[in-house]
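Hi everyone, thanks for coming.

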Amino acid sequence: MTTDVTDTGVGTIRSGILGGGFMARVHRAAVRNAGGEVTSLATSSLSSAERVARSLGVERAQSTPDLLADPGIDLVHVCTPNATHAQLALAAIAAGKHVVCEKPLATTPADADLLVEAAAREGVVGAVPFVYRYHPMVREARARVLAGQAGALLSLDCGYLQDWMLHESDDDWRVQSATAGDSRAFADIGSHLCDLIEFVTGERIMRLTARTRRVFQDRGGNTVDTEDIAAVLVEMESGALGSLLVSQMAPGRKNALTLEIHGSRETLRFEQERPEELWLGGRESSALLLRDPATASADSARLQTLPAGHAMGYQDAFNGFMADVHAAIAGAEPEGLPTFADGRRAAVITDLVLQSASTNSWIEVPA
């Protein structure tokens, strides 16, 4: 079961959301599931904020400065375009707020460093929604790896494939670096993949080499200067090698995050679109392990809010993440909560992927 935050000792945690798109809806639902309240919302204009607040059932709309200064808000959720993340998160921290900031935490490692330092200095919780950590079967895979059941890590075959940018007419603010940062596909979804690899294996990516591709130079009249596809080779701490394919132009793939880990004893394969399953591969036989709190590891079982056979999915994973954020605000130290330090790690790896792609070289990744 997820962490109980309905009696944290700090009262009801009151949230304000910056941004009014899809992620604002996901955050709103997760806050309410965790026993908190979304009391305010701000977007690019007050009229837009009023419209979105009504649709989400949020108490009031505010301007961004008013929301950040509001003494009635404990936790600020940054769900705005990427290039604004660092500025808004820093302002929220300066106002004494805890912060959940959508990834990428920042579009440069230097800005990510500032956020890590600011959160530590002010003593606030800073979290990044790498929520795929919160699928129970991801935690089950991690428990098996850490217990040695998979054996020594040999190789990885991983990918994150989508198709929402397949056509030249597909347009979005993310296609331009001015609003998205220098990376699109890798910063947006490759960051999730790298976080999951390091989280499940318990090893850091130590070296990488990458290639990127931009298929269309123009989308909907907008010049494109971010990548559509990235292919990355990585070397882990143990010497294990891995291949990562990230694409937003893979027809038929909607949100196909796949993690396949090859150990000397068994292979573990998790597919985000089939979150109730973990495939276990062996030389003599293979098996499909289904989610079941009665037989799961403790860390997996604590996230299972439904009995076996009752499917859990993306919103459930996000709910588990938000419950841990609230628990951390109350003083707990939840296992596996992705913090600003993890967001900084993702910013560093993204930056090195772009460097490698431009120089055609292997690059060392700081531990």
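Arg144 has a relative accessible area of 15%, so it counts as buried (buried is under 20%, exposed over 50% and partly exposed in between, with a 1.4 Å probe and protein chains only). Which helix holds Arg144? Arg144 sits in helix α6; helices are DSSP runs of H or I with at least four residues, strands are E runs of at least two, and both are numbered from the N terminus. Setting aside neighbours within four places in sequence, the contacts of Arg144 include Glu266, Leu268 and Leu289, where contact means heavy atoms within 4.5 Å.

Before we go on, this is a predicted model, with local features needing pLDDT of at least 70, side-chain atom pairs counted only at pLDDT 80 or more, and totals for chains, interfaces and linings using all residues. Residues are numbered from 1 along each chain as its sequence is written, and side-chain values use heavy atoms, leaving out hydrogens and water.

pLDDT is the predictor's confidence in each residue, from 0 to 100. The protein's mean is 96, and 97% of its residues reach 70 or more. Over residues 1-9, though, the pLDDT is below 50.

Buried residues make up 55% of its 367 residues. Among contacts with a separation of 6 or more, 69% join residues 24 or more positions apart. Finally, the C-alpha atoms fill a box of roughly 60 × 50 × 40 Å along the principal axes.
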